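Subject: Structure for your review

Dear colleague,

Please find below the structure that I am handing over to you. I would be grateful if you could look through it alongside the notes that come after it.

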Amino acid sequence: MKQELSYPWPEGLSSPSGEAQWLADLAILWEYRVKSGWVFVHWLRGGIDQFSNGRDDVGRIYQAAADSTNLSVKTLQNYVSIARQFPLDAIPEGVDIGHAALLQGMEEEQKEFWLDEIQSK
């Protein structure tokens, strides 16, 4: 006998009535995961920019953000770097934060090649 899924469902979702509903919800959640990563990094960048009062204070703000999220300061710095590289209005379709992190530091030609590859999938 198959066991019914019993997870704490996000608001607006309930235990799926069938496979089709489960797959539809799964697609929605995947899309949300991709977009929410971008929202997070841009919210982080905005806060770092708005609330740090000069170079000396930025370390304190990063540490406060690290304490709040349980992420390392280095991870947060990497996220801010990604946000600066990909403004909200220039996020390539289908590219998530993980993809963007891998693209950092690549030569422009190599980056364009991989962006095209990601977007063609």
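Predicted model: local features only at pLDDT ≥ 70, side-chain atom pairs only at ≥ 80, totals over all residues.

I begin with the helices. Helix H1 covers residues 19-51, and helix H2 covers residues 55-69. Their axes come within 9 Å of each other and cross at roughly 145°. The crossing of H1 and H2 is right-handed. On the H1 side, the residues that take part in the contact are Phe40, Leu44, Gly47, Ile48 and Phe51. On the H2 side they are Asp57, Val58, Arg60, Ile61, Tyr62, Ala65 and Thr69. Sorted by class, this contact of H1 with H2 comprises eight nonpolar, two polar and two charged residues.

Two residues of H1 may be considered individually. Leu44 belongs to this helix, and its relative accessible area is 9%; because the cut-off for a buried residue is under 20%, Leu44 counts as buried. Leaving aside residues up to four places away in sequence, Leu44 touches Ala65, Leu76, Tyr79 and Val80. Leu44 and Gln85 are 41 residues apart in sequence, and their C-alpha atoms are 14 Å apart in space.

Gly46 is also found in H1. Its relative accessibility is 23%, so Gly46 counts as partly exposed. Between the C-alpha atoms of Gly46 and Gln119 there is a separation of 27 Å, and the two residues are 73 places apart along the chain.

The next residue is in a loop. Asn70 lies between H2 and helix H3, the latter spanning 73-85. Is Asn70 buried or exposed? With a relative accessibility of 72%, Asn70 counts as exposed. Its backbone also deserves a remark: Asn70 has a positive phi of about 65°, although it is not a glycine. Most residues other than glycine have a negative phi.

Finally, I turn to the largest pocket. It holds about 240 Å³ of space and is lined by 13 residues. Which residues lie nearest its centre? They are Glu31, Val34, Lys35, Glu93 and Gly94. Helix H1 gives the most to the lining, with six residues. By class, the lining of this pocket has six nonpolar, two polar and five charged residues.

With kind regards

Methods:
Residues numbered from 1 in each chain as written. Heavy atoms only, no water. 1 Å grid on protein atoms, 1.4 Å probe; cavity = no way out; pocket = protein on both sides within 12 Å on 5 of 7 lines; lining within 4 Å. Points joined across faces, edges and corners; volume = space filled by probe spheres on them. Helix = DSSP H or I, 4+ residues; strand = E, 2+ residues; numbered from the N terminus. Nonpolar A, V, L, I, M, F, W, Y, C, P; charged D, E, K, R; others polar. Axes fitted to C-alpha atoms, helices over the stretch in contact; angles between N-to-C directions. Left-handed = near helix turned anticlockwise from the far one by under 90°. Contact = heavy atoms within 4.5 Å. Buried < 20%, exposed > 50% of the residue type's maximum accessible area, 1.4 Å probe, protein only.
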